[in-house]
Amino acid sequence: MLKALVTDVDGTITDRRRRISTAAIEAVRTLVDAGIEVVLASGNTVCFMDGLCKMVGTDGTIIGENGGVYRRGFSGTLHIPGDKKPCLEAFEVLKDYFAGKGIELELYSAQYRFADVAFARNINPDEVRMVIHDRHLPVRLLDTGFAIHLQALGINKGTALREIAGEMGLHPAEMMAIGDSENDIEMLEVAGIGVAVRNAPTATRRAADWVTGSAYGDGFLEAVKKYYPDLFSR
Ligand SMILES: O=C(O)COP(=O)(O)O
Ligand SMILES: [Mg+2]
(Lines give C-alpha, C1' and ligand atoms only; values in the text may rest on other atoms or scores of the structure.)
(Ligands and ions follow the chains in the order given, each with its own letter.)
Protein backbone atom coordinates (compact mmCIF):
# COMPACT_ATOMS: atom_id res chain seq x y z
CA MET A 1 0.00 0.00 0.00
CA LEU A 2 1.25 3.47 -0.85
CA LYS A 3 1.52 5.15 2.54
CA ALA A 4 1.69 8.74 1.35
CA LEU A 5 0.58 10.80 -1.59
CA VAL A 6 2.64 13.76 -2.72
CA THR A 7 0.72 16.04 -5.02
CA ASP A 8 1.57 19.07 -7.06
CA VAL A 9 -0.89 21.95 -6.76
CA ASP A 10 -1.25 24.19 -9.84
CA GLY A 11 -2.39 22.25 -12.87
CA THR A 12 -2.88 19.02 -10.89
CA ILE A 13 -5.51 19.83 -8.28
CA THR A 14 -6.56 23.02 -10.06
CA ASP A 15 -7.85 23.77 -13.53
CA ARG A 16 -5.96 25.69 -16.21
CA ARG A 17 -7.05 28.96 -14.62
CA ARG A 18 -5.77 27.92 -11.20
CA ARG A 19 -9.22 27.38 -9.70
CA ILE A 20 -9.05 24.50 -7.25
CA SER A 21 -10.89 21.28 -8.06
CA THR A 22 -13.46 20.60 -5.37
CA ALA A 23 -13.46 16.92 -6.39
CA ALA A 24 -9.71 16.79 -5.72
CA ILE A 25 -10.21 18.37 -2.29
CA GLU A 26 -12.82 15.75 -1.42
CA ALA A 27 -10.44 13.01 -2.57
CA VAL A 28 -7.60 14.40 -0.43
CA ARG A 29 -9.91 14.42 2.61
CA THR A 30 -10.88 10.81 1.96
CA LEU A 31 -7.19 9.86 1.90
CA VAL A 32 -6.35 11.87 5.03
CA ASP A 33 -9.30 10.38 6.93
CA ALA A 34 -8.07 6.90 5.95
CA GLY A 35 -4.62 7.65 7.43
CA ILE A 36 -2.80 8.28 4.16
CA GLU A 37 -0.41 11.20 4.53
CA VAL A 38 -0.92 13.84 1.87
CA VAL A 39 1.99 16.15 1.11
CA LEU A 40 1.43 19.22 -1.05
CA ALA A 41 4.47 19.85 -3.28
CA SER A 42 4.49 23.08 -5.24
CA GLY A 43 6.37 26.00 -6.66
CA ASN A 44 4.24 28.15 -4.38
CA THR A 45 5.36 29.88 -1.19
CA VAL A 46 5.13 28.47 2.32
CA CYS A 47 2.51 30.98 3.43
CA PHE A 48 0.34 30.25 0.40
CA MET A 49 0.61 26.55 1.06
CA ASP A 50 -0.11 26.86 4.76
CA GLY A 51 -3.48 28.39 4.01
CA LEU A 52 -4.16 25.76 1.40
CA CYS A 53 -3.24 22.88 3.77
CA LYS A 54 -5.48 24.29 6.51
CA MET A 55 -8.48 24.64 4.28
CA VAL A 56 -8.02 21.43 2.34
CA GLY A 57 -7.38 19.55 5.58
CA THR A 58 -3.85 18.12 5.52
CA ASP A 59 -1.37 18.09 8.41
CA GLY A 60 0.71 20.89 6.88
CA THR A 61 3.52 18.78 5.44
CA ILE A 62 4.78 20.68 2.43
CA ILE A 63 7.40 20.96 -0.24
CA GLY A 64 7.42 24.57 -1.43
CA GLU A 65 9.33 26.70 -3.92
CA ASN A 66 10.01 23.66 -6.11
CA GLY A 67 11.94 21.85 -3.39
CA GLY A 68 13.74 24.95 -2.15
CA VAL A 69 11.89 24.57 1.16
CA TYR A 70 10.12 21.74 2.96
CA ARG A 71 8.52 21.13 6.32
CA ARG A 72 6.92 18.21 8.15
CA GLY A 73 3.58 19.28 9.65
CA PHE A 74 2.53 22.83 10.49
CA SER A 75 4.87 23.06 13.46
CA GLY A 76 7.88 21.23 12.01
CA THR A 77 11.20 22.92 11.30
CA LEU A 78 11.24 24.76 8.00
CA HIS A 79 14.20 23.41 6.03
CA ILE A 80 15.63 25.64 3.31
CA PRO A 81 17.97 23.55 1.14
CA GLY A 82 17.57 26.05 -1.69
CA ASP A 83 19.75 29.11 -2.19
CA LYS A 84 18.06 32.32 -3.20
CA LYS A 85 21.29 34.23 -3.84
CA PRO A 86 22.23 32.81 -7.29
CA CYS A 87 18.56 33.04 -8.26
CA LEU A 88 18.37 36.74 -7.39
CA GLU A 89 21.67 37.40 -9.16
CA ALA A 90 20.46 35.60 -12.27
CA PHE A 91 17.19 37.48 -12.10
CA GLU A 92 19.07 40.81 -12.18
CA VAL A 93 20.90 39.71 -15.34
CA LEU A 94 17.63 38.63 -16.94
CA LYS A 95 15.89 41.82 -15.87
CA ASP A 96 18.55 43.92 -17.60
CA TYR A 97 18.48 41.73 -20.70
CA PHE A 98 14.72 41.98 -21.14
CA ALA A 99 14.65 45.67 -20.16
CA GLY A 100 16.94 46.20 -23.16
CA LYS A 101 14.11 44.81 -25.26
CA GLY A 102 11.51 46.99 -23.56
CA ILE A 103 10.06 44.12 -21.50
CA GLU A 104 9.66 44.37 -17.76
CA LEU A 105 9.87 41.17 -15.72
CA GLU A 106 7.23 40.92 -13.04
CA LEU A 107 8.30 39.18 -9.83
CA TYR A 108 5.79 36.98 -8.02
CA SER A 109 5.50 37.00 -4.21
CA ALA A 110 9.18 37.92 -3.82
CA GLN A 111 8.78 39.00 -0.18
CA TYR A 112 7.53 35.53 0.80
CA ARG A 113 10.17 33.45 -0.96
CA PHE A 114 13.09 31.89 0.92
CA ALA A 115 14.72 29.88 -1.82
CA ASP A 116 13.72 30.62 -5.39
CA VAL A 117 12.63 33.43 -7.66
CA ALA A 118 9.37 33.36 -9.60
CA PHE A 119 8.16 35.74 -12.28
CA ALA A 120 5.42 36.13 -14.87
CA ARG A 121 5.40 34.14 -18.13
CA ASN A 122 5.21 37.25 -20.31
CA ILE A 123 8.40 36.22 -22.13
CA ASN A 124 9.46 33.10 -24.00
CA PRO A 125 10.99 30.61 -21.49
CA ASP A 126 13.37 29.39 -24.20
CA GLU A 127 14.82 32.87 -24.48
CA VAL A 128 15.41 32.86 -20.72
CA ARG A 129 17.09 29.46 -21.02
CA MET A 130 19.32 30.87 -23.74
CA VAL A 131 20.45 33.80 -21.57
CA ILE A 132 21.08 31.45 -18.62
CA HIS A 133 23.17 29.25 -20.88
CA ASP A 134 25.10 32.02 -22.63
CA ARG A 135 25.92 33.88 -19.42
CA HIS A 136 26.74 30.68 -17.52
CA LEU A 137 24.29 31.54 -14.77
CA PRO A 138 24.35 28.83 -12.08
CA VAL A 139 20.58 28.37 -11.91
CA ARG A 140 17.95 26.21 -13.52
CA LEU A 141 14.82 27.54 -15.14
CA LEU A 142 11.53 25.82 -14.40
CA ASP A 143 8.49 26.60 -16.48
CA THR A 144 5.46 25.43 -14.51
CA GLY A 145 2.95 26.67 -17.03
CA PHE A 146 1.87 29.22 -14.40
CA ALA A 147 5.13 31.02 -13.72
CA ILE A 148 8.81 30.90 -14.51
CA HIS A 149 11.07 29.98 -11.62
CA LEU A 150 14.82 30.20 -11.10
CA GLN A 151 16.22 27.54 -8.81
CA ALA A 152 19.67 26.74 -7.44
CA LEU A 153 21.24 23.76 -9.20
CA GLY A 154 20.61 20.35 -7.65
CA ILE A 155 17.43 21.41 -5.85
CA ASN A 156 14.05 20.12 -6.97
CA LYS A 157 10.86 18.54 -5.69
CA GLY A 158 12.52 15.12 -5.94
CA THR A 159 15.41 16.01 -3.63
CA ALA A 160 12.93 17.46 -1.13
CA LEU A 161 10.71 14.39 -1.44
CA ARG A 162 13.60 12.16 -0.36
CA GLU A 163 14.26 14.40 2.64
CA ILE A 164 10.67 14.62 3.75
CA ALA A 165 10.21 10.86 3.31
CA GLY A 166 13.09 10.39 5.76
CA GLU A 167 11.45 12.71 8.29
CA MET A 168 8.19 10.82 7.88
CA GLY A 169 9.95 7.50 8.45
CA LEU A 170 9.02 6.33 4.96
CA HIS A 171 10.90 5.23 1.89
CA PRO A 172 10.12 7.17 -1.32
CA ALA A 173 9.06 3.81 -2.80
CA GLU A 174 6.11 3.86 -0.38
CA MET A 175 4.93 7.16 -1.82
CA MET A 176 2.98 8.10 -4.87
CA ALA A 177 3.51 11.45 -6.59
CA ILE A 178 1.23 13.25 -9.04
CA GLY A 179 2.14 16.25 -11.15
CA ASP A 180 1.53 18.21 -14.32
CA SER A 181 4.68 20.04 -15.26
CA GLU A 182 8.45 20.06 -15.72
CA ASN A 183 8.99 21.05 -12.09
CA ASP A 184 7.45 17.68 -11.14
CA ILE A 185 9.75 15.41 -13.18
CA GLU A 186 12.22 14.47 -10.43
CA MET A 187 9.51 13.92 -7.86
CA LEU A 188 7.69 11.55 -10.24
CA GLU A 189 10.96 9.68 -10.75
CA VAL A 190 11.83 9.46 -7.05
CA ALA A 191 8.41 8.28 -5.83
CA GLY A 192 7.44 4.60 -5.96
CA ILE A 193 4.62 5.50 -8.33
CA GLY A 194 4.76 8.67 -10.42
CA VAL A 195 1.62 9.83 -12.20
CA ALA A 196 1.30 12.64 -14.73
CA VAL A 197 -2.08 14.17 -15.39
CA ARG A 198 -3.14 14.31 -19.04
CA ASN A 199 -2.32 18.02 -19.43
CA ALA A 200 1.39 17.41 -18.63
CA PRO A 201 4.01 18.07 -21.34
CA THR A 202 5.83 15.15 -22.99
CA ALA A 203 8.93 15.22 -20.76
CA THR A 204 6.79 14.98 -17.61
CA ARG A 205 4.68 12.18 -19.06
CA ARG A 206 7.84 10.29 -19.90
CA ALA A 207 9.01 10.52 -16.30
CA ALA A 208 5.72 9.05 -15.05
CA ASP A 209 4.77 5.42 -14.51
CA TRP A 210 1.26 6.22 -15.62
CA VAL A 211 -0.54 9.08 -17.38
CA THR A 212 -4.19 9.73 -16.58
CA GLY A 213 -6.89 9.83 -19.24
CA SER A 214 -8.39 13.03 -17.83
CA ALA A 215 -6.70 16.36 -17.29
CA TYR A 216 -6.27 18.57 -14.19
CA GLY A 217 -8.37 17.74 -11.09
CA ASP A 218 -10.28 14.99 -12.89
CA GLY A 219 -6.96 13.35 -13.70
CA PHE A 220 -5.93 13.59 -10.04
CA LEU A 221 -9.17 11.90 -9.03
CA GLU A 222 -8.65 9.19 -11.61
CA ALA A 223 -5.18 8.49 -10.23
CA VAL A 224 -6.17 8.21 -6.58
CA LYS A 225 -9.09 5.96 -7.53
CA LYS A 226 -6.72 3.71 -9.46
CA TYR A 227 -4.11 3.42 -6.71
CA TYR A 228 -6.44 3.45 -3.69
CA PRO A 229 -9.37 1.43 -5.06
CA ASP A 230 -10.62 0.37 -1.62
CA LEU A 231 -11.13 3.98 -0.52
CA PHE A 232 -13.03 4.99 -3.63
CA SER A 233 -15.10 1.92 -4.34
CA ARG A 234 -18.43 3.70 -4.63
O1 LIG B 1 4.26 27.99 -8.54
C2 LIG B 1 4.04 27.63 -9.72
O3 LIG B 1 4.48 28.25 -10.70
C4 LIG B 1 3.30 26.37 -9.99
O5 LIG B 1 3.09 25.64 -8.83
P6 LIG B 1 2.92 24.07 -8.85
O7 LIG B 1 4.27 23.49 -8.62
O8 LIG B 1 1.96 23.80 -7.73
O9 LIG B 1 2.34 23.66 -10.17
MG1 LIG C 1 1.89 22.15 -11.41
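Helices here are DSSP runs of H or I with at least four residues, strands are DSSP runs of E with at least two, and both are numbered from the N terminus. The model is predicted, so local features need pLDDT of at least 70 and side-chain atom pairs count only at pLDDT 80 or more, while totals for chains, interfaces and linings use all residues. Residues are numbered from 1 along each chain as its sequence is written, and chains are lettered from A and ligands numbered from 1 in the order in which they are written.

Let us stay with H5 for a moment. This helix covers residues 157-168, and its twelve residues should span 16 Å at 1.5 Å a residue, which agrees with end C-alpha atoms 16 Å apart. The expected span is 1.5 Å times one less than the number of residues. Among the buried residues of H5 are Lys157, Leu161 and Ile164. Buried means that 20 or more other C-beta atoms lie within 10 Å of a residue's own, exposed means 12 or fewer, and partly exposed is in between, with C-beta atoms placed from the backbone. The cover over these buried residues includes strands E1, E2, E3, E4 and E8 as well as helix H6. Contact means that two C-beta atoms, placed from the backbone, lie within 7 Å.

Strands count as paired if DSSP finds at least two bridges between them. E9 and E10 run parallel and are joined by two bridges; Ala196 has Val211 of E10 as its bridge partner.

There is a second sheet to find. Its three strands are ordered E5-E7-E6, in an open sheet with antiparallel pairing. Strands E5 (117-119) and E6 (139-143) are the edge strands, each pairing on one side only. From one strand to the next, the twist averages 20°. E6 and E7 (residues 148-152) pair over five bridges, and Leu142 stands opposite His149 in E7.

Angles run from 0 to 180 degrees between N-to-C directions, and axes are lines fitted to C-alpha atoms, for helices over the stretch in contact.

| Helix | Strands | Angle |
|---|---|---|
| H3 (residues 84-99) | lies across E5, E6 and E7 | about 135° to E7 |
| H4 (residues 125-134) | touches E6 and E7 | about 175° with E6 |

Now for the domains. The chain is divided into domain 1 (4-80 + 155-232) and domain 2 (84-152), with bounds from an automatic or database domain assignment. Their C-alpha centres lie 24 Å apart. Where they meet, 15 residues of domain 1 are in contact with 16 residues of domain 2.

Finally, visit Ile20, in the loop between E1 and helix H1 (22-33). Is Ile20 buried or partly exposed? Ile20 counts as partly exposed because it has 16 C-beta neighbours inside 10 Å. Not counting residues up to four places away in sequence, Ile20 touches Ile13, Thr14 and Ile25. Ile20 and Gly217 are 197 residues apart in sequence, yet 7.8 Å apart in space, C-alpha to C-alpha.
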